[in-house]
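Have the model open while you read, and take the points in order.

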Amino acid sequence: MQPPSMMTIPTPAAVIDLERLVRNTSRMSERAHGLGVRLRPHVKTHKCTEAARYQVEGHFGGITVSTLAEAERFADSGFQDITYAVPLAPGRARRAAAVGRRLASFQVIVDHPEAVSALVEAVEVEDATLGVLIKVDCGYGRAGLRPDDPRLTELAGLIARAPGVDFRGVLVHGGHSYDCVGRDAILEVAEAERAEAVRAAERIRAVGIAVDVVSVGSTPTAMVVEDLTGVTELRPGNYTLFDMFQASIGSCAVEDVALSVVTEVIGV
């Protein structure tokens, strides 16, 4: 490290190792191709349009966001196929519809009829069409309906009949993979993530409703999963930069971490 008087980067500064970022994104791209699924990477870790372009290279260009502000920012940067992967709060339906009017394809997720009702009103006011996915709980326990919940098919039917919205399918997130340590433990969650998503899709198809999208994804599960039969889409995000937590649970090596913070010592 250079003496403070010679440093050219104001501190503290977040520094991305571009070589590692490219290596990380290329590896996930190859995994998605090998597993036979579309890659719709999450961009919430970095919120950076330049990094997102590396993530979607060689794929169809769709991305995943966690806030409507992120969706608006990435729409401004030319991204035209976005999934907002947090259960929609009814109070945000109007804003979501406005975002959808700007995009070629915008998907939101729901797990309750009230959100559907709010969406129907919003798309009429905004003259928009939105894709809708049902959030399915694959064991994380944070949000969504379990695959065997009777309300799952009822909600799918409600969306399929609703004007101005287009039922697309189901979405799960194996967030409990972050509680695992080691590849074998993560792999167990990865298979449950896949199986529960597929089971939910099959239940909806059994009542005569088409399911085009079966979406799964977390960085730990995406890094180890060996079979995605029945899945159409993968949504990891943290893998772009990784971090020491991911290294500690076995998702990556320390040498894969692409983000560092440069600081200057101001006292000893």
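How many nonpolar, polar and charged residues does the lining of the largest pocket have? Keep that in mind for point 1, and remember throughout that you're looking at a predicted model.

1. Let's start with the pocket. By class, its lining comes out at 7 nonpolar, 11 polar and 4 charged residues. The volume of this largest pocket is about 380 Å³. There are 22 lining residues, and those closest to the pocket's centre are His 42, Lys 44, Ser 66, Arg 142 and His 173. If you'd rather look by element, go to strand S4, residues 81-87, which gives the most to the lining of the largest pocket, with 3 residues.

2. Next, the cavity. Searching the whole structure for cavities of 30 Å³ or more turns up 1, and the volume of the largest cavity is about 30 Å³. Its lining is made up of Lys 135, Val 136, Asp 137, Cys 138, Tyr 140, Arg 142, Ala 143 and His 173. Sorted by class, that lining has 4 nonpolar, 1 polar and 3 charged residues.

3. Finally, have a look at Val 56, which sits in helix H2, residues 49-56. Is Val 56 buried or exposed? Its relative accessibility is 13%, and the cut-off for buried is under 20%, so Val 56 counts as buried. Beyond its neighbours within four places in sequence, Val 56 is in contact with Pro 41, Gly 61, Gly 62, Ile 63 and Phe 79.

Key: Residues numbered from 1 in each chain as written. Predicted model: local features only at pLDDT ≥ 70, side-chain atom pairs only at ≥ 80, totals over all residues. Heavy atoms only, no water. 1 Å grid on protein atoms, 1.4 Å probe; cavity = no way out; pocket = protein on both sides within 12 Å on 5 of 7 lines; lining within 4 Å. Points joined across faces, edges and corners; volume = space filled by probe spheres on them. Nonpolar A, V, L, I, M, F, W, Y, C, P; charged D, E, K, R; others polar. Helix = DSSP H or I, 4+ residues; strand = E, 2+ residues; numbered from the N terminus. Buried < 20%, exposed > 50% of the residue type's maximum accessible area, 1.4 Å probe, protein only. Contact = heavy atoms within 4.5 Å.
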